Amino acid sequence: MSIQLIDLPFGSDALAPAISAETLSFHHGKHHKAYIDKTNAAIEGTDLADKPLEEIVVAARGSNQGLFNNAAQSWNHGFYWYSLTGESTAPSGDLAAKIDESFGSLDALKERLADAGAGHFASGWVWLAEKDGKLSLEETHDGDTLADSGFNPLLTIDVWEHAYYLDHQNARPAYLKAVIDGHLNWDFAAENLARGSAWTYPA
Ligand code: MN
């Protein structure tokens, strides 16, 4: 059983114009697929061949950078697709309370998330994460991931250029604003918070 390219959990034009169907066709159909294919090629015939993606990430971290990059990117993109939705609904319950505790308000969190994404140098990911009951914003560079970090990731935004260049060219802040204002899946964040441990990539 190899790692599978999961289907997008929304229609291909559900995020437009923030993220167009054209961007998704490349980002999911080419970039994410390539990370999965390279992960599967690297684990074929090894002890990792039938392991869950999370175990592959842990095994490769620090010992096999090529496999780590592809496995972590496979995981990050799956998590990113679930972090997005056609139309955001406001956080509620425990998630809303923790956002207020940790950031002051949802608007303050959104502003800090946009600033973190805009300020992130070069390629990587910005994350809303939870640890010891407290929420924080985290950043990882290139293919690095929070999958095995001790943080419980709640949401992520891809800030690699391939995530936004076709739609927004170099205007990363415009991409971030459109995603943060309209397309973050707070229901997914609430599920992750309630589970209390990191999401697992669908087998
Ligand atoms: Mn990407």
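A polar contact here is a pair of N or O atoms within 3.5 Å, and inside the protein one of them must be able to donate a hydrogen while the other accepts it. Keep that in mind for the second stop. Also remember that you're looking at a predicted model.

**Stop 1: the metal**

You'll find four residues around the ion: His 27, His 77 and His 162, each through NE2, plus Asp 158 through OD, at 2.0 to 2.1 Å. Along the sequence, these donors follow the spacing H-x49-H-x80-D-x3-H.

**Stop 2: His 77**

Stay with His 77 in helix α3. Is His 77 buried or exposed? Its relative accessibility is 0%, which means that His 77 counts as buried. His 27 is buried as well.

Next, draw a distance between the side chains of His 77 and Asp 158: they make a polar contact at 3.2 Å. Asp 158 also turned up among the donors to the manganese ion. Then show the residues that His 77 touches beyond four places away in sequence: His 27, His 32, Tyr 35, Trp 125, Asp 158 and His 162.

**Stop 3**

Click on Ile 157 for a closer look. Leaving out residues up to four places away in sequence, Ile 157 touches a list that includes Tyr 80, Leu 113, Trp 125, Tyr 175 and Leu 184.

**Stop 4: helix α5**

Leu 113 is one of the buried residues of α5, so select that whole helix, residues 106–119. Helix α5 has 14 residues and reaches 20 Å from first C-alpha to last, close to the 20 Å expected at 1.5 Å a residue.

Which residues of α5 are buried? They are Leu 109, Lys 110, Leu 113, Ala 116 and Gly 117. These lie on the same side of α5 because they cover an arc of only 130° around the axis.

The buried residues of α5 pack against helices α4, α7 and α8, and against strands β1, β2 and β3.

Key: Residues are numbered from 1 along each chain as its sequence is written. This is a predicted model: local features need pLDDT of at least 70, side-chain atom pairs count only at pLDDT 80 or more; totals for chains, interfaces and linings use all residues. Side-chain values use heavy atoms; hydrogens and water are left out. Donors are N, O and S atoms within 2.8 Å of the metal (3.2 Å for Na, K and Ca); water is not among the atoms, so sites may look incomplete. Buried means under 20% relative accessible area, exposed over 50%, partly exposed in between (1.4 Å probe, protein chains only). Helices (H or I, at least four residues) and strands (E, at least two) are DSSP runs, numbered from the N terminus. Contact means heavy atoms within 4.5 Å. The expected span of a helix is 1.5 Å times one less than its number of residues. The arc is that of the directions from the helix axis to the C-beta atoms.
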